[in-house]
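Please look over the sequence and the model before reading on.

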Amino acid sequence: MPELFAYTDGACSGNPGPGGWGVLLQAHNGDKVVKERELNGGAANTTNNQMELMAAISALETLAKPSAITIVTDSAYVKDGITKWIHGWKKNGWRNASKKPVKNTELWQRLDEATRRHQITWEWIKGHAGHPENERADELARMGMEPYKPQ
């Protein structure tokens, strides 16, 4: 059975400002890519963190059936949020350690819901470091932002 990978990225022109998200989905059989799909989208007034979250959400929501997948992100915010911080946020009624409301709660809740049907390995990589799949996800995110940028 092929292994699934989702390389995700978000981009913003200004923070907040027009933004985009991108996902490169790949099925690997050993070292060989056997299937590939690209996704992207954007918003007129958003933040980089919101677009990073939307990339991960979109990767999971597009899967037709429960899957084992590795999500590769250059966002420590997304990786740490979903693997470490979210447990405390849920326990504390979506409040952070400072008792303030968690930023982007709706997106975190949507990501939390999207993770339920899948077996996910979260992997962080350094962004803009020449990793081809991450660079492609970044290109897709920038393409997703294009329609929202002022002409």
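What radius of gyration would a compact globule with 151 residues have, and what does the protein chain have?

## Overall dimensions

The model is predicted. A compact globule with 151 residues would have a radius of gyration near 15 Å, and the protein chain agrees with this because its own value is 15 Å. The C-alpha trace spans about 45 × 40 × 30 Å along the principal axes of the protein chain.

## Secondary structure

Four helices and five strands make up the secondary structure of the protein chain.

Five strands form an open sheet in the order 3-2-1-4-5, and the pairing is mixed. The edges are taken by strand 3 and strand 5; each has a single partner strand, so one side of each is left without a neighbour in the sheet. From one strand to the next, the twist averages 20 degrees.

Both senses of pairing can be followed in particular strand pairs. Strand 2 and strand 3 are antiparallel and pair over 12 bridges. G20 stands opposite G42, a residue of strand 3. The two strands form a hairpin with two residues between them, and in the turn G30 has a positive phi of about 65 degrees. Strand 4 and strand 5, by contrast, pair in the parallel sense, over six bridges. I69 has I120 in strand 5 as its bridge partner.

## Helix packing

Helix 4, formed by residues 132–145, lies across strand 1, strand 2 and strand 3. Relative to strand 2, helix 4 runs at about 140 degrees.

## The largest pocket

The volume of the largest pocket is about 580 Å³. Its lining consists of 21 residues, and those nearest the centre of the pocket are L4, Q26, A27, L63 and S67. The elements that each contribute two or more residues to this lining are strand 1 (3–12), strand 2 (17–29), strand 3 (32–46), strand 4 (68–73) and strand 5 (119–124).

What is the make-up of the lining of the largest pocket, in nonpolar, polar and charged residues? The lining divides into 10 nonpolar, six polar and five charged residues.

Conventions. Residues numbered from 1 in each chain as written. Predicted model: local features only at pLDDT ≥ 70, side-chain atom pairs only at ≥ 80, totals over all residues. Heavy atoms only, no water. 1 Å grid on protein atoms, 1.4 Å probe; cavity = no way out; pocket = protein on both sides within 12 Å on 5 of 7 lines; lining within 4 Å. Points joined across faces, edges and corners; volume = space filled by probe spheres on them. Nonpolar A, V, L, I, M, F, W, Y, C, P; charged D, E, K, R; others polar. Pairing = 2+ DSSP bridges. Axes fitted to C-alpha atoms, helices over the stretch in contact; angles between N-to-C directions. Contact = heavy atoms within 4.5 Å. Rg over C-alpha atoms; globule rule 2.2 N^0.38 Å.
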